[in-house]
Structures are given as structure tokens and as C-alpha cells.
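Subject: Structure for you to look at

Hello,

Please find the structure below. My notes on it follow.

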Amino acid sequence: MNSTLHAVLGFFEKGGPFMVLLVLLSIISLTAILLRIWRLRESTIIPRQITDAVEDLKPGDTLEALFKEMDAHPSAISRILRTLLNHLNWSKSENLEAVQTTARHEVARMEKGLVVLEIATGAGPLLGLLGTLSGLVAIFAEIGGSGDPIIVARGISEALNTTIVGLAVAVPSLTAHSYFTRRIEMMAVQMESTAADLLAKLYQPQSDR
């Protein structure tokens with residue numbers, strides 16, 4: 001166990017200052033991933049109780065049940081629907097524009113933090129490459145002194161450590177960014193569908209202004 005720990009610590013120590021930056025970047029990236037997992041839960045964005053209340057609503061029904069569910073489950077969809085319900089005295093087109101504006105704000109809130117993963121995806125390999133090149137420069141500068149091919153090979157192997165870590169940071173960051181982006185798109189479509197359903201029920205053709 002101790003030998004494994006020493007080997008891991010040695011791996012990172014040989015990476016030099018660029019390895020420190022990569023470790024910090026990996027911690028930031030992991031934190032962003034965990035926060036997005038927590039905040040993009042369906043129960044906090046589109047609670048089933050609210051969508052069910054919209055589906056069960058019939059033209060002419062009171063909105064008391066829907067308001068009750070929105071108060072009990074604060075979420076992105078509840079804020080969007082509340083905008084719709086607060087502007088029922090507006091025309092359908094004006095209300096729709098207000099709802100779309102609120103929806104864009106909610107999607108922007110959902111996307112908060114994704115830029116960190118995008119930066120990690122690009123910066124990780126570049127920092128790794130810089131660390132490797134920095135190590136190679138130092139190695140080749142000493143070749144004239146020793147010329148031992150074994151020492152040179154070992155030095156090159158150690159210099160490549162930062163490239164390995166850089167890619168190790170970029171791959172999960174890219175995967176998580178793609179997953180979260182797709183998940184947000186799907187949730188946005190769901191929220192749009194729910195809002196459109198409620199809008200259609202509240203603005204009947206004969207009452208549309």
C-alpha cells in the first residue's frame with residue numbers, strides 16, 4: 001500500500017509546476033461536475049407533480065391545484081408557469097414572449113458552470129503539453145553532460161506525465177459537458193411542451209385576443 005502511494009506521489013511530483021495546475025484544474029472540474037449532477041436533477045427542474053397538474057387541468061377548471069403544486073415544488077418549470085399565469089390579462093402572443101424570456105433565463109441558470117468544463121476540456125491537454133515540453137527542454141539541455149540513453153529515456157517518460165494527466169482531465173470534462181448539454185436540451189424541450197400545453201388550455205380560440 002505504501003509503495004503504491006509513494007509511486008503515485010512520485011508520479012505527480014515529477015510533473016513539476018504544470019502538474020500542480022493540472023491537479024487544481026481537475027479538482028475544479030470535478031467540483032463543477034458534482035454540482036451539475038446535483039442541480040440538474042429532474043425533481044428540481046421539472047417536478048412530476050407540476051406536469052401532472054398541468055396535464056389534469058381542463059379548460060374552465062380553477063388554477064388552485066396548480067398554484068398549490070408550484071408553491072410546494074419551487075423549480076424552473078414553476079417559475080416559467082408562474083410568469084404565464086401572472087400575465088393572463090395579456091394577449092397570447094405577448095404572454096408567450098414573456099414565457100420564452102423567462103425560459104431563456106432558466107436555461108441560462110441550468111447551463112451555469114458548464115463553461116468550467118469547457119475550459120477544462122481545452123486547457124487540460126494544453127497544460128499537459130506545456131509540462132511535457134518544459135521537461136523535454138530540461139532533459140535535452142543535460143544530454144551533452146551525461147549522454148546516457150537510459151537516463152534520457154527515463155527523463156522523457158517522466159516528462160510525459162503531464163500529458164497523461166492533461167488528457168485524464170480533459171476526457172471526463174468533455175464527456176460531462178456533452179452529457180449535461182444534452183440533458184439541458186431535453187429538459188428545455190419538456191418545459192416548453194408543458195408551458196405550451198398550459199397556454200393552449202388557458203387561451204381557447206374564442207378567447208384569444
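Asp197 has a relative accessible area of 30%, so Asp197 is partly exposed, where buried means under 20%, exposed over 50% and partly exposed in between (1.4 Å probe, protein chains only). Its salt-bridge partner is Lys201, with the closest N and O atoms 3.8 Å apart; a salt bridge is a side-chain nitrogen of Lys or Arg within 4 Å of a carboxyl oxygen of Asp or Glu. Lys201 is buried, at 16% relative accessible area. Both residues lie in helix α10, 4 residues apart, about one turn of the helix.

This is a predicted model, in which local features need pLDDT of at least 70, side-chain atom pairs count only at pLDDT 80 or more, and totals for chains, interfaces and linings use all residues. Residues are numbered from 1 along each chain as its sequence is written, and side-chain values use heavy atoms, with hydrogens and water left out.

The count of salt bridges comes to 6. Another one pairs Arg79 with Glu106, the closest N and O atoms being 2.8 Å apart. Arg79 lies in helix α6 and Glu106 in helix α7, so this pair ties together parts that are 27 residues apart in sequence. Arg79 is partly exposed at 33% relative accessibility, whereas Glu106 is buried at 5%. Salt bridges that share partners join Arg79, Glu106 and Arg109 into one network.

As for the fold, the chain has 10 helices and 0 strands (DSSP runs numbered from the N terminus: helices are H or I, at least four residues, and strands are E, at least two). Of its 209 residues, 35% count as buried.

A pocket is an open set of points on a 1 Å grid over the protein atoms alone, where a 1.4 Å probe fits, with protein on both sides within 12 Å along at least five of seven lines; lining residues have an atom within 4 Å of a point.

The largest pocket has a volume of about 300 Å³, which is the space filled by probe spheres set on the points, joined across faces, edges and corners. Of its 15 lining residues, Val99, Gln100, Ala103, Glu192 and Ala195 are the closest to the centre. Helix α10 gives the most to this lining, with 7 residues.

The second largest pocket holds about 220 Å³ of space. Its 13 lining residues include Arg39, Ile45, Arg79, Arg109 and Met110, which are the closest to its centre. Helix α7 gives the most here, with 3 residues.

Regards
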